[in-house]
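Let's take a walk through this one together.

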Amino acid sequence: MNLLEIKNLKMDFGTDADALRAVDGVSFNIGAGETVCLVGESGCGKTVTALSIARLVPTPPANYVGGEILLNGRDVLKMSSGELRSIRGGVVSYVFQEPGASLNPVFRIGNQIKESLKLHRPEKATNEEVIRLLKLVGIPAPESRIKNYPFEMSGGMQQRVMIAMALASEPKLLVADEPTTALDVTIQAQILELLSELKRRLGMAILLITHNLGIVGDMADRVAVMYAGQIVELSPAKELLRRPLHPYTKALMASVPKLHGTADRLSAIPGNVPRLGNFPPGCRFAPRCPIAKPECSDKLPELVEVEAGRFVRCPFWKSP
Amino acid sequence: METTIAIVKTQPALSPWRLFWHRLRRRKIALTGGVTLIFLYAVAIFAGFIAPYRYDQISDNAFFHPPVWPRLQGFRLVVPRSEQMPGDFVYRQISNDTRPLHFFIRGGKYKLLGFIPCSLHLFGTGDDNYSVYLFGADQFGRDIFSRLLYGSQVSLSIGVVGILLSFSLGMIVGGISGYFSGWTDTVVMRFCELIMSIPALYLIISLRNVFPPGMSSSQVYAMIIVILSFIGWASMARVIRGMALSLREQPFILAARSLGQSHLKIICRHILPNTFSYVIVAATLSVPYYILGEVVLSFLGVGIQEPQASWGLMLNAAQNTEYMQRFPWLLAPGAAIFVTVLAFNFLGDGLRDAADTKSL
C-alpha cells in the first residue's frame, strides 16, 4: 500500500451551473520515501491538488465531486476535522512558496517552531529540540537565532525555518509548493540540497511542486506533468528528461534556454493556458500543440500506460 | 601570510516594539500627554495620602469657601485663619493668625490602595480652623482639591477598566466573526450594527434604569462599567472583524492550518496579535469617551451618588449659574476632565503616528 494514493480526484470551484473544474480526474501515487515532482504552468491545478492532500482548500468555494485521496489507506475527503488535524503535520507537512509571508510576523521563530512541536510532539516542545531542528536545516548559530523575528532573517533562512517547522512533527510526506521560486538561484540550490539530504536521513517522501524542469532533474524519482487540471504525463524522472513522450512535455523542455550551442530565439509554446471553464473540446493542449490533428479536438484522450511505468495522455505520443 | 578577520560588532536589529518606541519618543506632544497621564494616575493611586482631607469631611462654617493657599512667612509655609462674614458665604482671611503647614502629618483615616488603613497625609495644618482649601470648598464645605483627587480614582479607573472589558469582548467577537465569516459573520455584524445604531446617551440612560435605584456605591461603579462596555464593544468588534478577514488570507494562517492548528488557537495566537498595533491606539483614543460617559451619568444623577466623589458628580453642583459666577472654583473638575481627555488624545495621536509605518 502506498503512502499516498490519489484516485481520479475531481474538484470544482463553485456549484451547479457556475462550477469550474480545477482538478479533473487526477490520479497518481507516492510511495514511502519517494520524491515525486508535480510540474506544470501557473493555473494548471497543481497547488490545489497538493493542498487537497490535507484538505486545506476551503470547501466553499471548493467542491470535491469525485475521487479519493488515500493517505495510509484512509480517505482524506471523508475524514472528520479531528482526524484531519492529526494528519496535518503528523503525516503530511507543507512548505509554502513565500517563506517570509508564511511566518507570523509578531512572534519569534523559536516560538513558532515550538508551536508546531506542541501540536504533535508536546513532550519535545523544548528549546533544545528547536535548536536541534535548526541545526538539522543548516541554520548557523541556532542558539541565538531562536530569538530572531522573521524579518531579521534572509529569504533562504526563512525557508529553512519553514522546513524546520514542517519537520518538527516528523511527517511521512513533505509537500513543498514551489519552495524555491521566491529565492535566488544560489539559495535555491542550497535549499534543494537540504531537501535531498533530509530525504536521505529521514526517509521522508516528498511531493515537490514546481514549474522549473531543472529542479526535476535534481530531485525527482518520478514526475507528473499537469496541464489544465489533468495529468498529461506520468513517468520516472530520468526517463522523462531523456525521452519525453507528451507533446506538451517536449515543448516545455524545448523552451528551457540552453547555455551552450547557438540560439537565435527562445522557443516558446504559442498561445496561452486555457482558463478554467474555457477548456477547448477534446484534448486541452490541442490548440497549442505542434502535432495536433483534427481528431484531437473530438475526444479527450485517456491517460494510458504505454511503456513500463510511463503514462501519457496522447494517442500520438510516438511522433518525434 | 596570515589573514585576520575583524569581527565587527553589529547593531542588533530593532524589534518592532523598540522601533515603535523610538518613533514615539520623537513626538514630544505625545510624550507630554503620556507623562501627564502617568502623573494623574499616580496621583489617583495615592489620592488618600495626597489629599489633606477626606472626601466626605463636611465643614459647617466653610460652605463655598474660596481657595486658601499657604503663603511664605520667613522660611515656612503658613495657612491663615478664615472667618465667615455676615451675608451669603463671604469670607475674610485673617493674615496675622496663622498656623504652619506640616508635611507628612496625621489626619483623617483612609484606605491606601483600597485596603491598607492609613492616616498619614502629605500635607496639612492639623487644626480644622486653619483649613487649606487649595481649590476652595463646595456647598457642604468639603475641600474640592481632596474630592478632586478621590474623584479621579473613580473617573480614571472607570476609563481603563471599561476599555479592558469592552475591547477584550470586541476583539474576541470580531476575531471569531472575521475568521469564520459566512453566517456567523453576518449575524454577529448585524447585531453589532443594531447596538451601534441606538444613540449612546439614550442607551446609557435606559440601561441605567434597568438597575434598581438604591445600590451601594461599589455596585454603582461596577454597573457604570458594565453599561459603558456594553455600548463600546461593538465598534471595536467591527474593526477587528475587518482586520481578521484580511489576515486570514495571509500565508502564515494557511501554514498554521497545515500544521494542524485548531481554529481557536489560530484566532488567538495568529490573528489577534497582529491587530494589537491598532487596538492599542484605538484603546488610548477611546478612554476619554468612557471617562466622559461616567461624567455624564454622574452629572445627570444616575451614576456615582453622594457622598462619594466623582468629577461628574462634582460638576452637578456647579450647574447653577449664580454659583458659577460667584464661586468659579467649583468648575475645577471640568478643568481636570479637560486635561485628562486632552492628554489621552495627544498620547493616542502620537501612538497612532508612531505605529503607522507609512508616516515619518
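In which sense do strand β3 and strand β8 of chain A pair, and over how many bridges? Keep in mind that this is a predicted model. The answer is parallel: β3 (residues 35-39) and β8 (residues 205-210) of chain A are joined over 5 bridges. If you want a spot to look at, find V36(A), which sits opposite L207(A) in β8(A).

Now zoom out to the sheet around that pair. It is an open sheet of 8 strands in chain A, and you can read across it as β6-β7-β8-β3-β9-β10-β12-β11, with mixed pairing. At the edges stand β6 (92-95) and β11 (304-307) of chain A; each has a single partner strand, so one side of each has no neighbour in the sheet. On average, neighbouring strands here are turned by 25° against each other, direction ignored. Helix α6 (residues 155-168) of chain A packs on this sheet, where it touches β6 and β7 (173-177) of chain A. The direction of α6 makes about 170° with that of β6(A).

The largest nonpolar core has 171 residues, and A164(A), L173(A) and L207(A) are the ones with the most contacts inside it. Domain 1 (52-142) and domain 2 (147-355) of chain B each put in at least three residues. As for A164(A), leaving aside residues up to four places away in sequence, it touches I113(A), L133(A), L134(A), L136(A) and V137(A).

How do the two chains meet? In terms of contacts, 23 residues of chain A face 16 residues of chain B. On the chain A side, α2 (81-90), β6 and α3 (109-120) each supply at least two residues, and α2(A) has the largest share, with 5 residues. The residues on that side of chain A divide into 10 nonpolar, 9 polar and 4 charged.

Moving over to chain B, you'll find it divided into domain 1 (52-142) and domain 2 (147-355). Their C-alpha centres lie 37 Å apart, and 10 residues of domain 1 are in contact with 10 residues of domain 2. The domain 1 side of that contact is made up of 5 nonpolar, 2 polar and 3 charged residues.

Chain B also has an open sheet, this one of 3 strands in the order β1-β2-β3, with antiparallel pairing. Its edge strands are β1 (71-73) and β3 (90-100) of chain B, each of which pairs on one side only. Neighbouring strands in this sheet are turned by 45° against each other on average, direction ignored. Between β1(B) and β2 (residues 76-85) of chain B there are 3 bridges, and R71(B) stands opposite V78(B) in β2(B).

One last stop: S216(B), in the loop between α6 (200-210) and α7 of chain B. Is S216(B) buried or exposed? It is exposed, with 9 other C-beta atoms within 10 Å. S216(B) and I304(B) are 88 residues apart along the chain, while their C-alpha atoms are separated by 9.5 Å.

Definitions and conventions: Residues numbered from 1 in each chain as written. Chains lettered and ligands numbered in written order. Predicted model: local features only at pLDDT ≥ 70, side-chain atom pairs only at ≥ 80, totals over all residues. Core = buried A, V, L, I, M, F, W, Y, C linked by C-beta atoms within 7 Å. Buried ≥ 20, exposed ≤ 12 C-beta atoms within 10 Å, placed from the backbone. Domains from an automatic or database assignment. Contact = placed C-beta atoms within 7 Å. Pairing = 2+ DSSP bridges. Helix = DSSP H or I, 4+ residues; strand = E, 2+ residues; numbered from the N terminus. Axes fitted to C-alpha atoms, helices over the stretch in contact; angles between N-to-C directions. Nonpolar A, V, L, I, M, F, W, Y, C, P; charged D, E, K, R; others polar.
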